[in-house]
Amino acid sequence: MAINGIKAVIGDIERFEGLCTRPMFGGTGYFVNDAMFLLVDDNKAFLRGGQTLTEELVEWGCEQYQYQKRIGCAKVQYYNITDMHAQERTRVQLLFFRSIEIAKQDKINCNCHDRIRDLPNLQLSIERMLARVGIIDIAELKQAGSSESFKKLQQIYGLDLNINLLWKLEGAIRGIHFSLLEHNLKNSLLSKVASRGHPRS
C-alpha cells in the first residue's frame with residue numbers, strides 16, 4: 001500500500017482537534033496537543049505503541065520503525081500500520097485514539113520528572129555539573145536550552161568538554177535518546193557553541 005494508503009490514513013486523522021505536524025526522524029510526525037502519535041516516512045504510516053498497544057501491533061505483524069542514522073540505525077516505538085489500516089480501518093481508527101492517550105500520558109510523565117537526573121541521557125553526575133552553573137531543576141534547563149547550558153559548563157570544565165554532553169542535554173530537553181537527534185540539528189547546536197572553541201568529540 002503506497003501513496004493512496006497514506007492518504008487514507010491521513011484522511012482519518014485530519015479531523016483530530018489540535019493536530020499539527022513537524023519533521024521527525026527524517027519523516028513527518030503527527031501531534032495532538034504536542035504529543036506525537038504517528039510518523040509518516042517513505043510512504044508508510046507508523047503508529048506509536050506503548051503499554052499493551054505495542055503487543056497488539058506486534059501480534060498483528062506491524063513492522064517496527066527503524067531510524068537510519070549516519071552510522072547504523074535505531075529502533076523507536078512506532079509500528080507500520082499502513083496495510084493494517086487498509087484491511088482493518090475501523091479497528092485502526094480506535095487504535096489512533098489509544099495511541100494518542102498513551103502519547104499524552106507519556107508526555108505528562110516526562111514533564112513530571114522532578115530531578116534532572118531522571119531525564120533521558122542524564123544522570124546524577126551531570127545533574128551535579130549543571131548545579132555548579134546554577135541550573136538546578138528541569139525548568140531552568142529547558143529555559144536555558146542545551147547550547148547555553150553547555151557553554152556555561154565550558155566556563156567551569158573547559159572548552160574541550162565532550163560534545164556528547166551537548167547532544168545529551170538536547171535529547172533530555174526533547175525527551176528522546178541523544179542518538180536520535182538529526183544531523184542538521186546537531187550542526188545547528190554545534191555552531192552555537194563553536195565560537196567558544198572546538199569541543200572534544
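Author: Gln51 sits in the loop between β4 and α2 (52–59), where helices (H or I, at least four residues) and strands (E, at least two) are DSSP runs numbered from the N terminus. The model is predicted, and local features need pLDDT of at least 70, side-chain atom pairs count only at pLDDT 80 or more, and totals for chains, interfaces and linings use all residues. Residues are numbered from 1 along each chain as its sequence is written, and side-chain values use heavy atoms, with hydrogens and water left out.

Although Gln51 is not a glycine, its phi is positive, at about 55°. Most residues other than glycine have a negative phi. With a relative accessible area of 60%, Gln51 is exposed (over 50%, whereas buried means under 20% and partly exposed lies in between, for a 1.4 Å probe and protein chains only). Asp42, in the loop between β3 and β4 (44–48), also has a positive phi of about 55° without being a glycine, and with a relative accessible area of 60% Asp42 is likewise exposed.

Among contacts (heavy atoms within 4.5 Å) between residues at least 6 apart in sequence, 54% join residues at least 24 apart.

Aromatic side chains come next: the whole structure holds five aromatic pairs, a pair being rings of Phe, Tyr or Trp (its six-membered ring) with centres within 6.5 Å, stacked if the planes are under 30 degrees apart, edge-to-face if over 60 and tilted otherwise. One of these is the tilted pair of Phe16 and Phe97, at 5.2 Å centre to centre and with 45° between the planes. Since Phe16 belongs to the loop between α1 (3–13) and β1 (19–24) and Phe97 to helix α4 (residues 89–111), the pair ties together parts that are 81 residues apart in sequence. Phe16 is buried at 9% relative accessible area, while Phe97 is partly exposed at 41%. Phe37 and Phe96 make an edge-to-face pair, 6.5 Å centre to centre with 80° between the planes, and this pair links strand β3 (residues 35–41), which holds Phe37, to helix α4, which holds Phe96, across 59 residues. Phe37 and Phe96 are both buried, and ring pairs join Phe16, Phe37, Phe96 and Phe97 into a cluster.

Ser146, Ser147, Ser149, Phe150 and Leu153 of α7 meet Leu165, Leu166, Leu169, Glu170 and Ile173 of α8.

On to the next helix: the axes of α8 and helix α9 (residues 183–193) come within 11 Å and cross at roughly 120°, which makes α8 oblique to α9. Here Leu166, Trp167, Glu170 and Arg174 of α8 touch Leu185, Lys186, Leu189, Leu190 and Val193 of α9.

Methods: Axes fitted to C-alpha atoms, helices over the stretch in contact; angles between N-to-C directions. Parallel < 35°, antiparallel > 145°, perpendicular 65-115°, else oblique.
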